[in-house]
Amino acid sequence: MNLSLKQLATYVSLLAIGSGVGVLGSQYFLPHKQVELNPADVPAVLQPSPKQASQTAALAPYEPNNKSSSANFIATAVERVGPAVVRIDASRKVVNNLPEALQNPFFKRFFGDDVPVPRERVERGTGSGFILSGDGRLLTNAHVVAGADTVEVTLKDGRTFEGRVIGSDAVTDVAVVKINTTGLPTVRIGRSDNLTPGEWAIAIGNPLGLDNTVTAGIISATGRSSSQVGVPDKRVSFIQTDAAINPGNSGGPLLNDRGEVIGVNTAIRADAQGLGFAIPIETAQRVADQLFAKGKVEHPYLGIQMVDLTPALRKEINQDGETKLKVKQDQGVLIVRVFDNSPAAQAGIRQGDIIQKVNGKPVKTAAAVQEQVESSAIGKALPVEISRDGQTRTLQLKPAIFPAKS
């Protein structure tokens, strides 16, 4: 085969490029095997030019423990925190009561001992938690231990302890448990108030009872309101992540890339395929401190229902003859309901008012209003600036204790 000088040069150049890739690949997969070449044995056409040599020298060597060049930072974080993640097995007795008709003495007279008796069954559930202190203080989700008669805590090393539920708060889905032992490994608490979507997120838990399962992803979003997530009865501004969080993960830690706890995983949506949510660690820790101190949490309550205004919602409200509301703004927080005898009703808040400021701080979303209310003090005056019929006025509300569910 006859090759021109130009074709030969191209062929040799491609050979040189392929050889270079092969050498780099060998260095990556076989980092412990060093190969030295004598420049005198290498044809001149394969030797890099001075410019190429300087560029090659600038390449960072492969470092197995370097966070930027491998995923080992995940393994490091899990190795540090994993021993402090526990499995929580809760059980509760449930009684199947007889229908009211069968409880009538009339049936007892005719059927005697053949009348069926109430039957008991035991419901069991598995969740996760993590150790806050060496003396056995644990944090988990409220729904993991709700109504539990007994709680068994299993450590990663296989030891098991009987746990005592110190307190549970259904409003934030946070609960605390105590086991009697000392010298336990603990987690390191981080911060969630400075998270940025796109950062790494690592979840550890016991999905479906599979102990110490690790999943990883990114922070997908922050500040997801309870209504956005689909749990309007909660008062949490959730962290959203694509790290897999399944039943059994509830109560386990969500970590950043440094192995610090930034949230408490909660499997609150059975249909949330590819979506995971976590309670910010600041919220969880604040609630946990109150539960350990008093066994309960008192949340401030105004007694209103709110929605975020949009041009489309404004048009829909104005065209609805049943509401009898005329909204003149496209943005803001519209009050759609005021509960009877609530702090809001007593202060003169009305349906159709638009909240502009709470405690002197401008608010544009219902989540922002809720955040300000949650940080207020029960019984202490809270100034709320509203817009009503085009006029601005400030009302003094005194938050009450959030009423318990009947």
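These legends describe close-up views of a predicted model.

Residues are numbered from 1 along each chain as its sequence is written. Local features need pLDDT of at least 70, side-chain atom pairs count only at pLDDT 80 or more, totals for chains, interfaces and linings use all residues, and side-chain values use heavy atoms, with hydrogens and water left out.

**View 1. Six strands form a closed barrel.**
The strand order is E7-E8-E9-E12-E11-E10, and the pairing is antiparallel. On average, neighbouring strands of this sheet are turned by 45° against each other, direction ignored. Helices (H or I, at least four residues) and strands (E, at least two) are DSSP runs, numbered from the N terminus. Two strands pair if DSSP finds at least two bridges between them. Strands of a sheet pair through backbone hydrogen bonds, either parallel or antiparallel.

**View 2**
Axes are lines fitted to C-alpha atoms, for helices over the stretch in contact, and angles run from 0 to 180 degrees between N-to-C directions. Contact means heavy atoms within 4.5 Å.

**View 3. Strand E7 pairs with E8 and with E10.**
The E7 and E8 pairing is antiparallel, over six bridges. E7 and E10 also pair in the antiparallel sense, over two bridges. Isoleucine 202 stands opposite alanine 216 in E8 and opposite leucine 255 in E10. E7 is mostly covered, with five of its six residues buried. Buried means under 20% relative accessible area, exposed over 50%, partly exposed in between (1.4 Å probe, protein chains only).

**View 4. Strand E9 pairs with E8 and with E12.**
E8 (residues 213-224) and E9 (residues 238-241) pair in the antiparallel sense over three bridges. Isoleucine 219 stands opposite threonine 241, and alanine 221 opposite glutamine 240. On the E12 side, the antiparallel pairing has three bridges. There, threonine 241 stands opposite glycine 276. Both faces of E9 are covered. Phe238 and Gln240 are buried on one side, Ile239 and Thr241 on the other.

**View 5. Glycine 259 sits in the loop between E10 and E11.**
Glycine 259 is buried, because its relative accessible area is 0%. Its C-alpha atom is separated by 6.7 Å from that of valine 81, 178 residues apart along the chain. Leaving aside neighbours within four places in sequence, glycine 259 is in contact with Ala77, Arg80, Val81 and Arg188.

**View 6. Aspartate 135 sits in the loop between strand E2 (119-133) and strand E3 (137-140).**
Aspartate 135 has a relative accessible area of 34%, so this residue counts as partly exposed. Aspartate 135 and threonine 182 are 47 residues apart in sequence and 4.3 Å apart in space, C-alpha to C-alpha. Neighbours within four places in sequence aside, aspartate 135 is in contact with Lys178, Ile179, Thr181 and Thr182.

**View 7. The largest cavity has a nonpolar lining.**
The count comes to one cavity of 30 Å³ or more. About 40 Å³ of space lies in the largest cavity. Its lining residues include Leu302, Ile304, Val358 and Leu397. By class, the lining has ten nonpolar, no polar and no charged residues. On a 1 Å grid over the protein atoms alone, a cavity is a set of points where a 1.4 Å probe fits but cannot get out; lining residues have an atom within 4 Å of a point. Grid points are joined across faces, edges and corners, and a volume is the space filled by probe spheres set on the points. Ala, Val, Leu, Ile, Met, Phe, Trp, Tyr, Cys and Pro count as nonpolar, Asp, Glu, Lys and Arg as charged, and the others, Gly among them, as polar.

Methods
On a 1 Å grid over the protein atoms alone, a cavity is a set of points where a 1.4 Å probe fits but cannot get out, and a pocket is an open set with protein on both sides within 12 Å along at least five of seven lines; lining residues have an atom within 4 Å of a point.
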